Each structure stands twice: as structure tokens, then as C-alpha cells.
Amino acid sequence: MAMRLDKLLAHYGIGTRKEVKTYIRKGYVQVNGQIIKKDDFKVDYEKDQILFDGQPINYKPYVYLMLNKPSGYVSATKDNVHPTVVDLIKGYHQYDLFPVGRLDLDTEGLLLLTNDGDFAHKLLAPSRHHSKLYYAKVDGIMNQEDVLEFEKGMMIDHYQCQSSHLTILNTNENTCKVLIEIFEGKFHQVKKMVEKVGKKVTYLKRIQMRNLKLDENLKLGEYRELSEEELNDLMNDL
Ligand code: URA
């Protein structure tokens, strides 16, 4: 993919466009072994070898991160009250990342961040019914009747939900732990579905989207880029 050299280096995070132009003119940049002093020089980031001050530049236009979202962070790029999930990400400021969809302020777990709008749009499109899997702690005991209610598809706020899957992991005296798989992403959907059958979610964590599982090595607030395999798998028939 052809791109101006100064634009590529600025987007990579070397400096502002103005600073990058100066570096180029001073001879800091090599393309395929040649010093290039023209800032509008066209490079192909998939094929050309680009060095800045002797260091390779492995430019990519899009970034895809998996974050283990902690409670207390808003799934947005800006907020006047709370810190945002974007505030947790260091070293990617030049990419203008945004969260793919949202988890509630108090929900933890798998959240993707990217700058690829087309990817986000396809992953979020309601018509595609992508699976999302949540682990929840619940006040009250969920039972087989609830499993059937979830299976049937409930009415929430005048919206007819798709059939969903409730798996009861274990029950204590007054509480239980469950897995809930939904195929939409309505506002507070999991909490509202549990409320509808007379119980209350006290803890919620997303653990999977389609085939993509939250990396168990990521502590709360940690993130990593998706592997090529994870990304291909996720993009497959999006
Ligand atoms: N459902 C909820 O109720 N909250 C979330 O954060 C995600 C799904």
C-alpha cells in the first residue's frame, strides 16, 4: 500500500508531521538502503524496508487490542466523570483507538479496541447476531425454569430478545454463578434478563466474543494485540 513517507512516520508516532519532515531532510530515514530526503516520497509499507535512525519501522495502518477491562472505566474515548478504557492504553496514542461496543462501567472482561471502523461496524451489526459470553455472580438461585425463559427469548423494554443460553455453574445458599450467552448487545441486556426472572447480577465479566476468548494471562487493565490467528478467526465471515 503506497503512502507518503512523512505521513507514515508521523502516524507511526515518530513525531508531528512538521518534526518528521525535518528528520527526513536531515537524512535520518532510509528506504531500502537509500537515504531519502524528500518528505513526499511514496513508500509501500508492506514491501519496503524503512529505517528511522537505523531502527526498523514496522508500520501497520490498523491496530486490534484485547483489553481485560476493569470496573470503573467507561467504554468510550472521552468522559467528563470517569476514566475511559482508552486512558488505560499506553503507546498507541497515534492510532486514535476506540472501543468496539461497550461494557457497563462496573462490568469487567473482554473489550476490543481498534482504529478499524469497518471491522468494528461489522462486529457490532445487530443483524449478524454474534455470540457474546458472560460470567456472572447472581443474588438469588437461578433454576431450570430460568434456563427455559432464556431459551425462549424474553421481552425487555419492548424489545424481543433472541434466544439465549443460561448455564448454571454452581449454587450456594442465596447466590449462584452462571454463564450467559447472548447474541445481541442491548443496553444492560444481561442484567435486565436476570432481573426479569427475579434475580440480580452482582458481578459481570465478558469472557468471549464469537471464538475469541479473553486471555487469562491478562490482569485487569492489561491488554495485548490480537495474534494474527485470533484476528483472522474473528474476521472470518464477518
Ligand atoms: N450486559 C450487561 O448488562 N452489561 C454489560 O456490560 C454487558 C452486557
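How many salt bridges does the count come to? In this predicted model, the count comes to 16 salt bridges.

**Salt bridges**

Side chains of opposite charge can pair when their charged atoms come close.

| Pair | N to O distance |
|---|---|
| Asp6 and Lys21 | 3.0 Å |
| Lys47 and Asp44 | 3.7 Å |
| Asp104 and Lys191 | 2.8 Å |

The side chains of Asp6 and Lys21 meet in a salt bridge. This pair links distant parts of the chain, with Asp6 in helix α1 (residues 5-12) and Lys21 in helix α2 (residues 17-25), 15 residues apart. Asp6 counts as buried because its relative accessibility is 0%, whereas Lys21, at 22%, counts as partly exposed.

In the pair formed by Lys47 and Asp44, Lys47 has a relative accessibility of 69% and therefore counts as exposed. Asp44, by contrast, is buried, with a relative accessible area of 16%.

A salt bridge also joins the side chains of Asp104 and Lys191. Here too distant parts of the chain are linked: Asp104 lies in the loop between β8 (98-99) and β9, Lys191 lies in helix α5, and the two are 87 residues apart. Asp104 is buried at a relative accessible area of 10%, and Lys191, at 19%, also counts as buried because the cut-off is under 20%.

Some salt bridges share partners, and these join Arg4, Asp6, Arg17, Lys21, Arg25 and Asp39 into one network.

**The nonpolar core**

The largest nonpolar core has 32 residues, of which Leu97, Met142, Phe150, Val178 and Ile180 touch the most other members. At least two residues each are supplied by β7 (64-69), β9 (108-114), β10, α4 (144-152), β14 (175-182), α5 and β15. The largest share, four residues, comes from β14.

Leaving aside residues up to four places away in sequence, Met142 has contacts that include Phe150, Leu166, Ile168, Cys176 and Val178. Thr171 and Lys199 are also among the residues that Met142 touches.

**The largest pocket**

The largest pocket has a volume of about 480 Å³. It is lined by 28 residues, and the closest to its centre are Arg102, Lys132, Glu184, Gly185 and Lys186. The elements that give two or more residues to this lining are α3 (117-124), β10 (132-139), α5 (189-196) and β15 (200-209). By class, the lining has 14 nonpolar, seven polar and seven charged residues.

Note on methods
Residues are numbered from 1 along each chain as its sequence is written. This is a predicted model: local features need pLDDT of at least 70, side-chain atom pairs count only at pLDDT 80 or more; totals for chains, interfaces and linings use all residues. Side-chain values use heavy atoms; hydrogens and water are left out. On a 1 Å grid over the protein atoms alone, a cavity is a set of points where a 1.4 Å probe fits but cannot get out, and a pocket is an open set with protein on both sides within 12 Å along at least five of seven lines; lining residues have an atom within 4 Å of a point. Grid points are joined across faces, edges and corners, and a volume is the space filled by probe spheres set on the points. Ala, Val, Leu, Ile, Met, Phe, Trp, Tyr, Cys and Pro count as nonpolar, Asp, Glu, Lys and Arg as charged, and the others, Gly among them, as polar. A nonpolar core is a set of buried Ala, Val, Leu, Ile, Met, Phe, Trp, Tyr and Cys residues joined through side-chain atoms within 4.5 Å. Buried means under 20% relative accessible area, exposed over 50%, partly exposed in between (1.4 Å probe, protein chains only). Contact means heavy atoms within 4.5 Å. A salt bridge is a side-chain nitrogen of Lys or Arg within 4 Å of a carboxyl oxygen of Asp or Glu.
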